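Please consult the sequence and the model alongside the text.

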Amino acid sequence: MITAFKRGIFLVGMLLLTVLILTPSITFSSDISAQIDDLVARRRLAQSYAAAGRLDEALVQAQRNLATARALFGNEHRDVAISLDQVASILRKQGRYVESEGYYQQALQMVSNYRAELPLDVASALQNLAGLYRGMGRYRDAETCYLDALRLCKGVGPEHDQYRYAVSAGNDISANLAMLYREQGRYAEAEPLLKAALDRAQKAAQGDWLSKQMNLSMDQLQLDQALQMINLAGLYIPMKRYAEAETLMVGAVAIQRRLLGDNDPRVAQGMHNLASLYIDTDRPQLAEPLLQQAIETAIQVYGPEHPELATYLDTLATLYRKEGAYQQALLLSRRAVAIDEAALGPAHGGTANLRNNLAVLYLQMENFIEAEKLLRKTLADSEANLGLQHPEVSTKLTNLASALIGQGQDKEAHQLYARALAIEERTRDDLFQLFSEDQKLNYLQERMILVQFYLLHTRLLAGSNPSAVREAFEVWLRWKGIVMESQGRYLEALTKTDNPALQASFDNLASVRQELARLRIMQPTSSAAAQHRQTITALEDRKTGLEAQLSRGSAAYGLASVAGQVDSQSLARMLPKGAAYVDFALVRDLEFRPLTFQGYRYLVFLYRPDKGKIELLDLGPAAELEPIVAAYRAEIKKKAIGDVQHDSQRLGTLAETLYRKVIGPLTPYLQGVSQLIVSPDGVLNLVPFEVFKGPDQRYLVEQYAVHYLPSGRDLVRLANTPRHSGDALVLADPDYDLQLGQKLPRREMVAPLQGVHFDRLPDTRVEADAIVALLRRQKGEKVRRLLGAEASEQALFGKVQPGLLHLATHGFFLQGEGDGAGDGDGANRGIKLVLTGRTESTAPATPIDNPMLRSGIVLAGVNRSLEQGGDEGLITAEKILGLRLLGTDLVTLSACETGVGDVRAGEGVFGLKRAFILAGARTVVLSLWSVPSQETTELMTEFYRQMATGVAKAEALRQAQLAMLRKYPHPFYWGAFQLVGSPD
């Protein structure tokens with residue numbers, strides 16, 4: 001994993017490094033007044049030194065200015081804060097962050113004494129401190145300062161004589177806050193702030209009636225507009241919204257060139273930014289002339305030794321590096337580093353980043369010795385400047401590891417990977433307290449690459465370094481399924497606090513999810529399509545904001561409460577006797593020497609506490625395993641739909657192949673094991689291991705008790721989650737044709753739901769009667785049994801939390817076109833619908849891109865509701881997230897394909913399984929294909945009968961499956977169901 005840095009892009013003019021102290025007029029003697037005038041002049045001199053890159057001279061002058069200010073005003077006077085801030089800003093430019101913070105803190109403390117009278121002084125000091133914290137990677141501290149500063153600005157009303165300044169300062173702070181959000185990947189929060197800033201700038205640049213009458217110049221206001229265009233473009237690039245970014249940037253550069261000419265440094269910055277966009281979008285022919293012109297301008301304006309020039313040279317070197325013109329890139333990159341070393345010093349953070357980029361070039365040239373020399377120096381400087389835990393230090397650790405691997409120094413490289421991951425975990429836990437679910441997933445997608453690197457590299461060392469396997473296993477325990485665990489903290493927080501704001505946020509989020517679920521399945525008319533999209537976008541933004549609020553509100557119950565507790569020893573205490581823990585990992589398949597990507601492969605950790613050893617085994621390329629899983633599912637599907645082409649013998653052969661590839665490598669380590677606790681990954685989430693057939697023709701269910709976990713941490717979570725003692729709730733045989741309330745005007749649905757009709761399932765009534773009798777008679781439980789019209793969405797989302805929930809109904813799964821149509825008929829409990837994008841409407845088809853909206857179950861009234869364009873009775877996984885089931889001991893989904901959905905490596909399946917786990921259920925029983933109704937009734941009845949006699953849940957399901965296997969040998973009848981979560 002090799003990473004280069006960009007510098008000086010899309011932050012132009014956004015960081016205010018001078019405190020806006022508004023000192024009232026004071027009468028001084030003429031001698032003192034002269035000294036003050038001299039002090040002001042010397043402050044400007046220090047600023048000019050800093051702007052020219054002469055930072056050592058600037059610092060000496062700023063420190064003299066500070067001594068003069070103290071002599072004139074005393075140690076506690078707020079005007080001294082100006083000089084304190086100047087010293088702090090220069091130290092920050094030098095990369096001396098810890099010293100800089102001390103001066104910024106002193107300035108803030110001084111002006112805070114005047115918080116009531118002069119709030120803008122405090123706001124400016126807070127903003128400067130926030131900018132420092134951004135550079136240090138202390139994102140939460142930075143956000144706190146920005147928000148506090150913004151509140152102070154907004155507190156200055158129109159009646160205040162500083163109101164106009166407060167509005168302007170508030171706009172600047174909002175823009176800086178947006179850039180902080182951009183750096184964190186919180187794009188949904190950044191965009192409205194940057195759009196608002198651009199809108200204000202555009203309106204100001206147009207001028208009002210008076211300015212037009214007086215023929216006042218709008219040049220500066222138009223330049224401000226160009227700046228805001230560049231900043232918004234800078235947000236769109238990491239969002240992959242390149243066309244919008246390019247439109248904004250081209251427009252901004254055009255404004256700058258028209259008003260400033262081609263030789264202004266601000267035009268050069270704009271050209272550099274536009275060129276960077278062209279590099280990112282693989283258009284080097286457009287980027288190169290812009291960079292050459294920016295370089296020429298920088299030399300004319302600043303001379304040949306300025307850091308701004310170094311930035312442009314480094315970007316041009318990046319262009320040549322990407323084109324494979326390594327020698328040209330090398331000359332430019334070396335020159336850029338030399339400029340920064342002379343201007344900023346060899347230990348400066350900017351110098352370190354350019355040195356890192358030069359090392360990346362050497363890595364690509366396979367000159368690992370030179371890369372190592374540079375990276376060791378860069379790492380030492382970054383650690384000294386930024387501290388040992390900064391995210392940039394993690395990047396330099398991984399780059400150095402790559403240089404060492406290229407030289408065969410795997411042991412030290414592995415240690416560096418481990419250090420980098422420790423930093424990434426710390427950063428992740430910090431950011432996850434601020435992020436929505438989508439933001440967490442996007443963040444994790446990039447960071448998991450390093451985790452996968454580490455696991456693959458561990459495979460190389462496993463023979464010579466057994467401790468490396470244990471360390472890698474514990475890393476995987478701390479990363480796998482981390483987003484799901486983080487999201488699940490909402491409910492825990494709600495049960496442990498009476499915070500009404502947290503409660504309101506959760507209730508509001510549930511309402512937003514229900515409304516989104518309703519709108520997403522509607523197909524608007526052409527005239528209403530634009531408004532429909534706007535409403536959905538606004539609700540998605542609202543959802544993101546509420547999830548972020550809940551993340552912050554539940555921070556006290558966050559990742560450290562479980563992720564930090566889980567290691568191999570704690571897991572050993574949780575595993576039952578005779579059990580083995582089997583944890584799969586789908587990782588990028590890499591060749592380290594040279595570093596090349598070769599697709600994906602499956603690894604598996606096998607942990608047996610009784611043996612005190614952890615094995616790391618290689619299952620081979622995903623390209624060999626995944627087609628077998630797909631073929632098995634396709635063959636089962638043929639059985640489900642009654643296809644005469646179904647081949648039972650081929651199904652058996654596929655089951656044997658799966659056993660050989662997935663279980664075979666484990667068998668030498670399974671002697672004496674009676675129970676497998678499995679955490680699948682990738683497509684292994686979509687096939688029940690119980691149906692794998694061994695060489696002795698016995699299914700895995702006949703050899704072991706099997707149950708599943710999203711991740712190993714769930715063992716600890718479940719141990720800390722008490723069972724809820726509420727009544728059991730059984731919903732079955734819903735009346736799908738029930739008319740719910742007043743008949744509504746018909747609205748068109750998205751294509752896959754048009755004309756859909758769910759038939760009654762009378763077998764589920766028999767199933768419910770048997771289960772209720774068992775629960776009441778043998779377990780003495782109180783049971784609410786809701787059938788027909790009573791088996792409704794309203795009943796499911798009632799205020800009383802059940803201790804056990806059984807849902808016997810149809811399931812549905814919306815899949816992509818070309819994957820095959822419906823899986824069954826009235827004899828099966830489900831329907832598979834194909835997302836075709838074809839509707840009767842002339843409006844563009846509404847995409848259902850959220851996987852939590854594409855799977856679900858149905859309850860009473862769904863047919864009539866769908867006919868009218870409603871969603872009552874259509875219970876998507878997104879809606880389920882609004883349930884409160886924390887501690888509900890068992891949720892059984894006696895329906896079709898309730899365990900399928902979109903698969904994401906390291907995070908499992910996005911669908912009903914994820915929804916019920918996030919809602920708090922301790923155990924979920926669900927199916928992986930369309931199940932036959934009559935035989936499912938038999939299986940479920942036996943499952944509950946076993947539990948009624950005191951058999952643990954996992955073993956009860958196994959015994960029910962074995963009983964069905966003896967009666968119905970084909971796995972279609974007994975193999976679909978999995979138990980996920982607590983086995984007892």
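Contact here means heavy atoms within 4.5 Å. The model is predicted. Its largest nonpolar core has 275 residues, and a second, separate core has 12 residues.

**Nonpolar cores**
- Within the largest nonpolar core, the residues with the most contacts are Y632, L676, F689, F916 and F943.
- Helix 20 (residues 437–461) supplies the largest share of this core, 11 residues.
- Not counting residues up to four places away in sequence, F916 touches L805, L807, I880, L883, L885, V891, L893, A921 and V924.
- The second, separate core includes L509, V512, L516 and L519.

**Packing of helix 19 with helix 21**
- The axes of helix 19 (residues 410–432) and helix 21 (residues 466–479) are 12 Å apart, and the two pack at an angle of about 20°.
- Helix 19 is therefore roughly parallel to helix 21, since angles under 35 degrees count as such.
- The crossing of helix 19 past helix 21 is left-handed.
- From helix 19, H414, L421, E424, E425 and R428 meet A468, V475, R478 and W479 of helix 21.
- By class, this contact comprises four nonpolar, one polar and four charged residues.

- A976 is located in the loop that lies between helix 37 (971–974) and strand 17 (977–981).
- A976 counts as buried because its relative accessibility is 1%, and buried means under 20%.
- Apart from neighbours within four places in sequence, A976 is in contact with L926, S927, L928, W929, V931 and P971.
- A distance of 9.8 Å separates the C-alpha atoms of A976 and I636, which are 340 residues apart along the chain.

Notes. Residues numbered from 1 in each chain as written. Predicted model: local features only at pLDDT ≥ 70, side-chain atom pairs only at ≥ 80, totals over all residues. Heavy atoms only, no water. Helix = DSSP H or I, 4+ residues; strand = E, 2+ residues; numbered from the N terminus. Buried < 20%, exposed > 50% of the residue type's maximum accessible area, 1.4 Å probe, protein only. Axes fitted to C-alpha atoms, helices over the stretch in contact; angles between N-to-C directions. Parallel < 35°, antiparallel > 145°, perpendicular 65-115°, else oblique. Left-handed = near helix turned anticlockwise from the far one by under 90°. Nonpolar A, V, L, I, M, F, W, Y, C, P; charged D, E, K, R; others polar. Core = buried A, V, L, I, M, F, W, Y, C linked by side-chain atoms within 4.5 Å.
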